[in-house]
Amino acid sequence: MKELVNQMKVVLATNFSLYLKTHYFHWNIEGPNFPQYHEFLNNMYELFFEGVDIFAEEIRTLESYAPGSFSRYLELSKIEDELNVPTAQNMLKQLQTDNIRFIVEMKKANKMAEEENAVGLANILQDRIDKHYKYDWMLKATLKA
Ligand SMILES: [Fe+2]
């Protein structure tokens with residue numbers, strides 16, 4: 001159970017980082033397709049943000065405390081911070097890579113939850129994995145030359 005709790009903290013921190021980077025790109029993206037990109041990233045960060053509260057409360061259900069500070073998220077997150085403003089193409093490529101990285105972490109947690117017979121949590125993770133895969137498709141379709 002300890003392993004599952006620790007992995008859920010990685011999931012939460014990675015989800016928050018991915019959400020924040022997506023919102024950051026929504027603000028700063030530039031180029032001829034600005035209206036579409038801006039709107040696309042808006043929809044994406046809204047969905048990503050939804051996961052943060054869901055996972056934090058699942059950690060509480062597992063009787064642990066949910067991390068919620070930048071320093072702790074920096075330690076736990078599997079996504080690298082972006083300090084600059086990349087090109088639109090680079091932003092989307094980064095989000096596609098980061099989103100897959102996040103899916104990998106959710107899959108690890110999902111496997112642990114199944115092993116622990118935590119059926120409800122495994123179902124929640126599966127649902128979030130599916131939602132993030134949908135964005136993998138949309139990001140790849142947007143990136144296609
Ligand atoms: Fe906005």
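Modeller: Here is a short tour, by topic. This is a predicted model, where local features need pLDDT of at least 70, side-chain atom pairs count only at pLDDT 80 or more, and totals for chains, interfaces and linings use all residues. Residues are numbered from 1 along each chain as its sequence is written, and side-chain values use heavy atoms, with hydrogens and water left out.

Biologist: What span should helix 1 have, and what does it have?

Modeller: Helix 1 covers residues 2-28. Helices are DSSP runs of H or I, at least four residues, numbered from the N terminus. The expected span is 1.5 Å times one less than the number of residues. For these 27 residues that gives 39 Å, and the end C-alpha atoms are 39 Å apart, which agrees.

Biologist: What does Thr14 touch beyond its sequence neighbours?

Modeller: Outside four places in sequence, Thr14 is in contact (heavy atoms within 4.5 Å) with Leu76, Ser77, Lys78, Ile79 and Phe102.

Biologist: Switching to rings. How many aromatic pairs are there?

Modeller: The count is 8. Rings of Phe, Tyr and Trp (its six-membered ring) pair if their centres lie within 6.5 Å; planes under 30 degrees apart are stacked, over 60 edge-to-face, the rest tilted. Phe40 and Tyr135 have centres 6.0 Å apart and planes at 40 degrees, so that pair is tilted. It links distant parts of the chain: Phe40 is in helix 2 (residues 34-61) and Tyr135 in helix 5 (residues 119-143), 95 residues apart. Both are buried.

Biologist: What does Tyr135 do with Phe48?

Modeller: Phe48 and Tyr135 pair edge-to-face, 5.9 Å centre to centre with 75 degrees between the planes. Phe48 is in helix 2, 87 residues from Tyr135.

Biologist: Which residues form the aromatic cluster?

Modeller: Phe16, Tyr19, Tyr45, Phe49, Phe70 and Tyr73 form one.

Biologist: Last one. Where is Leu83?

Modeller: Leu83 is in the loop between helix 3 (70-76) and helix 4 (88-115). Leu83 is exposed, at 74% relative accessible area. Its C-alpha is 32 Å from that of Ile124, 41 residues away along the chain.

How values were computed
Helices (H or I, at least four residues) and strands (E, at least two) are DSSP runs, numbered from the N terminus. Buried means under 20% relative accessible area, exposed over 50%, partly exposed in between (1.4 Å probe, protein chains only).
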